[in-house]
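Subject: Structure for your review

Hello,

Here is the structure I promised to pass on. Please have it open while you read; my notes follow below.

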Amino acid sequence: MKAASDSVYGSGGDGGDSNSLLFRFVDLETLPADANASPSAWLNAASVPLTDCISKTDPRCPPLPEPWLTRIFADCCALLVVTGGTGELTADGSAYSLEAGTSLLLPPGTLARFRPHPSQPPQGYLLTFEALREDGFVGTIRQYRIASNPFSCRGRLPKASFRELLSQISRIAECRKLPSVERSHRDQAAFYKLVYMLMELEGEAEDGGSRQAVLRTIEVMERRYFDPPGRDELAQIAGLSPWHYSHLFKKTTGLGPNRYLAEIRIRRAKELLLTGTALRDIAHQVGYGDESHFRRTFKELVGVSPSAFARSKRDKVAAVSYHYAAHLLTLGIIPYAAPVDKERERHRSLYHDRIPVHLLRGKSLPAELWRQNMQSLADAKPELILCDEVIPPEIGRQLQQIAPTVVVPWMKEQWRGHFRTIAALLGKEKEADRWITDYDRKAADARERIRGLIGQETVALFHIMAGQLVIYGQRNGGSVLYGDLRLTPACDIQTIAVFRVVTEEQLPLYDADHALIVVDRDPASLRLWQQLRTGYVWPNMQFARRGHVRLIEETPWLEYSPYAHAMIVNDAPRLFAYDR
């Protein structure tokens, strides 16, 4: 992630040296002044306005009860300054009354619920900005990650600071109304000053550092729910007496420590139930030594027994990982939410308009894309989320706040393992077995046809992406070529888990009788492709001399899913026929 220009360095609440944090302005919105105005300020700037959701049939935004109860996902820092009107906001278990003179700071990863007064909704400002922590270098490029707790204050800010905060945020708003040539960086300077003000605040005076201490113990409970510290130890961590700790915990979250812990455990139990894990094992894994106690607690909090929850049908399945959406399609299930890029994935075009919620997809996922996707998921309210272990840990924790989330290991399993795991989650094991049997039969037929065309000649699968040449090994298209079709690779693919970067000088090590190549359309990749074709090495490779080079599309060839692999098996014999 590269830093943007509207930024300021500083130190913050989650530690680090004085130059380890970078703050970047995202957006500033004026809250609606009347009940009929669009409350889009309460949503991410790129999401669908709530008024559109209410007035139109839009599957991304299910109808909301009156008065509006909006779910807000804050993937970056959000500063709310209220100058009039009234409403309520609940975030991280804490309830806040919104009225003139209120200022709230929500940290990244907050899933909040907002209820405005039907005739006097809150007025004021909503400022969103990123806090990024330096995370080393990739080559010469400095990398950043989202800082989870950049300030020592969060939630309600001291009333004494309201006037100064409002003055500063109003100055930013006025500056941003000016034409860019007239701003002369005044809006950036005002933003920098506001950030420094927040860094110096300590939170609401009535709670002070004690409330922050309670929030720290909640983080401990989230990490150690299976073997949590007792109340006395949690109180010791917070630096409070046990009685004062329990009192302040309930005041902060609305729940006692034991009930809060139970909700953490049951949330994790929901995810394990979807994997088919035995109830006895689930009870122990989430911290219950007695299975009957686990059953009683689950039914009390969820309303149904663990077995009934596991059997219940789930129609709204979201696939955050792009490849897993294709597994659902193969099983005849339309994802309720999934990453969609119509230009890059034309092989899925029949299904694009049938997927209710389109998540953003890119070669990489910067904070902006994650922010919009998380807000879309929060609005959609899926019943189950599928993801892999490659996503950042903070994103995984945020997904768990939205719906039960099952992590299907990406690197530890091959595509057949992914497919069978997802099928088992949704009660589609028989369908998956039938599909794999049919696929293996088609692969065997294609294998014989290709063998009749090229015999045991070698095949290499290349990809030019981001200005680099890579060769694929055991996964993606390589899984079909060398695994299912049993073609002869140009090198030892056992040493290439997914792909390997290859320089022009190293190309002769991967010479083959046949080459399949995907060339991305970014300028750096197109330049490299032109350089290779007009250079000395590529034209003298065996596949080039024989005219055995095929340009292929990124999808389906580089997608690792049963849906794509079936297409590759159907298409592969044609690629090796040449002029026959």
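A residue is called buried here when its relative accessible area is under 20%, and exposed when that area is over 50%. Please keep in mind that this is a predicted model.

By that cut-off, helix α12, which spans residues 322–330, is mostly covered, with 9 of its 9 residues buried. The residues in question are Tyr322, His323, Tyr324, Ala325, Ala326, His327, Leu328, Leu329 and Thr330. After α12 comes Gly332, which has a positive phi, near 80°.

Overall picture

The protein chain has 580 residues, and 51% of them count as buried. Its secondary structure consists of 22 helices and 22 strands. Taking the contacts with a separation of 6 or more, 65% are between residues 24 or more positions apart.

On confidence, the average pLDDT of the protein chain is 82, and 85% of the residues score at least 70. In residues 1–19 the pLDDT is below 50, and this stretch has 61 contacts in the model beyond near neighbours in sequence. In residues 33–68 the pLDDT is likewise below 50, with 74 contacts in the model beyond near neighbours in sequence.

Two helix pairs

How do α17 and α22 pack? Helix α17 (residues 429–454) meets helix α22 (residues 562–575) at an angle of about 25°, and their axes are 8 Å apart. Angles under 35 degrees count as roughly parallel, so α17 is roughly parallel to α22. The crossing of α17 past α22 is left-handed. On the α17 side the contact is made by Trp435, Tyr439, Lys442, Ala443, Ala446, Arg449, Ile450 and Leu453. On the α22 side are Pro562, His565, Ala566, Val569, Ala572 and Pro573. Sorted by class, the contact of α17 with α22 has 11 nonpolar residues, 1 polar and 2 charged. As background to lists of this kind, an α-helix has 3.6 residues a turn, so residues three or four places apart point the same way.

The second pair is α6 (residues 231–238) and α7 (residues 242–253), which pack at an angle of about 85° with their axes 9 Å apart. Angles of 65 to 115 degrees count as roughly perpendicular, and α6 and α7 are therefore roughly perpendicular to each other. From α6, the residues Arg231, Asp232, Leu234, Ala235 and Ala238 take part; from α7, they meet Pro242, Trp243, Tyr245 and Ser246. The contact of α6 with α7 divides into 6 nonpolar, 1 polar and 2 charged residues.

Two single residues

Is Thr128 buried or exposed? Thr128 has a relative accessibility of 17%, so Thr128 counts as buried. Thr128 belongs to strand β9, residues 123–138. Apart from neighbours within four places in sequence, Thr128 is in contact with Phe25, Val26, Asp27, Cys76, Cys77 and Ala78.

Arg354 lies in the loop between α13 (349–352) and β14 (357–359). The relative accessible area of Arg354 is 52%, so Arg354 is exposed. Arg354 and Ile334 are 20 residues apart in sequence, and their C-alpha atoms are 7.0 Å apart in space.

Regards

Notes:
Residues are numbered from 1 along each chain as its sequence is written. This is a predicted model: local features need pLDDT of at least 70, side-chain atom pairs count only at pLDDT 80 or more; totals for chains, interfaces and linings use all residues. Side-chain values use heavy atoms; hydrogens and water are left out. Buried means under 20% relative accessible area, exposed over 50%, partly exposed in between (1.4 Å probe, protein chains only). Helices (H or I, at least four residues) and strands (E, at least two) are DSSP runs, numbered from the N terminus. Axes are lines fitted to C-alpha atoms, for helices over the stretch in contact, and angles run from 0 to 180 degrees between N-to-C directions. Angles under 35 degrees count as roughly parallel, over 145 as roughly antiparallel, 65 to 115 as roughly perpendicular and the rest as oblique. A crossing is left-handed if the near helix is turned anticlockwise from the far one by less than a right angle, and right-handed if clockwise. Contact means heavy atoms within 4.5 Å. Ala, Val, Leu, Ile, Met, Phe, Trp, Tyr, Cys and Pro count as nonpolar, Asp, Glu, Lys and Arg as charged, and the others, Gly among them, as polar. pLDDT is the predictor's confidence in each residue, from 0 to 100.
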